[in-house]
Amino acid sequence: MKSHLQWLLATLVVAWVGPAAAALNVFATVPEWGALTEELGGDKVKVYTATNPLQDPHHVEAKPSLIGRARGADLVVATGAELEIGWLPLVTQQAGNPKVQAGKPGYFEAASFVPILDKPSRLDRSEGDVHAAGDPHIQTDPRNIGRVAGPLSARLAELDPENAAYYQARYKAFAERWDAAIARWEKEGAPLRGVAIVVQHKGFTYLIAWLGMKEVAALEPKPGVEPTTAHLSEVLATMQRQPVKMVLRAAYQSDLAKPDQAYWAGQSNILLQAASAWLARAEGNSAGGIRMMRSAADLEDASDKHVAMENRLFPMRELFGYMLLELQQPKTALHEFESSLKVNPNRLRGLYGAAKASEMLGDRETARQWYAQLITLTRASDPGRAELLEANVFLSKQ
Ligand SMILES: [Zn+2]
């Protein structure tokens with residue numbers, strides 16, 4: 001009886017101590033490194049991931065729960081290249097865990113094993129550039145995950161030498177599967193070569209370089225800086241000149257993101273809608289173009305209630321007017337320009353559009369009135385503008 005109890009206790013002790021002693025506690029900053037560490041570490045690692053895919057990894061609150069996790073960690077796996085600079089140093093410092101401080105074997109930065117793209121030639125943090133060390137979003141090129149896997153596996157072995165052979169074997173198996181997957185993705189991604197795209201945030205440099213896509217504009221004027229009306233107007237003008245197939249944004253930049261980003265998420269939806277409209281128009285689908293452009297204008301009107309007028313993305317209704325002019329529908333176009341001018345009465349492009357539409361309708365008197373307003377408006381500004389010259393020519397013929 002006694003020996004039975006001893007045997008039972010011994011089993012319990014083994015069962016209780018066993019797995020805990022074998023596991024390295026890993027604190028990963030983003031889901032990609034959490035998943036990679038689990039792949040490489042198998043049941044020898046216990047991974048805690050600080051953010052989920054719908055969280056912006058640039059901005060994370062250094063909550064006590066995070067600090068507690070860092071306190072118990074044997075290894076911190078971070079992206080580096082300053083992606084987590086706003087919160088991770090604070091977390092590791094507050095944790096007071098000497099193992100995971102920068103420079104220690106328990107601190108691993110993926111970006112130091114990857115060639116960093118988009119390093120700015122001129123550094124100006126005052127403008128809020130969150131990519132002062134180059135684009136830190138290295139995970140968007142899967143080859144970079146492969147580059148990080150080897151050193152990360154070696155780090156696991158360094159911290160847990162007893163299981164070095166286990167980590168090595170898992171790395172070998174992973175590298176084989178990963179290379180095969182990259183070859184498959186490259187085949188699937190081949191049609192994307194040369195395709196023009198717009199990005200929300202300059203965070204797809206590696207993906208774009210890998211697949212050979214062409215980034216023609218970014219909605220953020222600088223990484224981490226909210227777009228201004230003027231900047232977005234430029235982006236839209238670029239998109240009209242150069243039809244764009246898609247706008248890329250991270251899942252955390254969607255409507256599901258933080259409430260203070262909801263406004264910009266809404267605005268980029270409007271922009272996306274407008275871009276799709278002009279794309280449809282460029283591809284000969286005029287009806288689709290009109291439908292989508294009208295919807296963009298309606299969406300913008302709906303968003304106006306919450307937004308100061310000077311923060312409007314772009315007068316979508318005015319842009320809609322120009323599409324209708326191009327499609328030889330001056331009557332509908334004039335209606336749209338008039339509606340737009342009610343909200344933005346002193347827009348040169350609005351007045352010009354209304355004048356053009358009236359001219360096309362053969363209503364020279366109305367056209368004259370719009371052109372005259374345009375002249376009054378622009379008296380103090382650039383006399384070289386094409387719309388102004390045209391207005392002068394029209395009025396001189398009266
Ligand atoms: Zn970024």
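**Reading a helix pair and a loop glycine**

A: In this predicted model, Gly72 is partly exposed, with 13 other C-beta atoms within 10 Å.

Q: Where does Gly72 lie?

A: Gly72 sits in the loop between α3 (64-71) and β3 (75-78). The C-alpha atoms of Gly72 and Ala95 are separated by 8.4 Å, although these residues are 23 residues apart along the chain.

Q: How are two packed helices described?

A: Two packed helices are described by the angle between their axes and the distance between the axes. Here, the axes of α12 (residues 330-343) and α13 (residues 348-360) come within 9 Å and cross at roughly 155°. Angles over 145 degrees count as roughly antiparallel, and α12 and α13 are therefore roughly antiparallel to each other. Their crossing is left-handed.

Q: Which residues make the contact of α12 and α13?

A: On the α12 side they include Pro330, Leu334, Phe337 and Leu341. On the α13 side, Leu351, Ala354, Ala357 and Met360 are among them. The residues of this contact divide into nine nonpolar, four polar and one charged.

Q: Which residues of α13 are buried, and what covers them?

A: Gly350, Leu351, Tyr352, Gly353, Ala354, Ala355, Lys356, Ala357 and Ser358 of α13 are buried. The cover includes α11 (316-326), α12, α14 (364-378) and α15 (386-396).

How values were computed: Residues numbered from 1 in each chain as written. Predicted model: local features only at pLDDT ≥ 70, side-chain atom pairs only at ≥ 80, totals over all residues. Axes fitted to C-alpha atoms, helices over the stretch in contact; angles between N-to-C directions. Helix = DSSP H or I, 4+ residues; strand = E, 2+ residues; numbered from the N terminus. Parallel < 35°, antiparallel > 145°, perpendicular 65-115°, else oblique. Left-handed = near helix turned anticlockwise from the far one by under 90°. Contact = placed C-beta atoms within 7 Å. Nonpolar A, V, L, I, M, F, W, Y, C, P; charged D, E, K, R; others polar. Buried ≥ 20, exposed ≤ 12 C-beta atoms within 10 Å, placed from the backbone.
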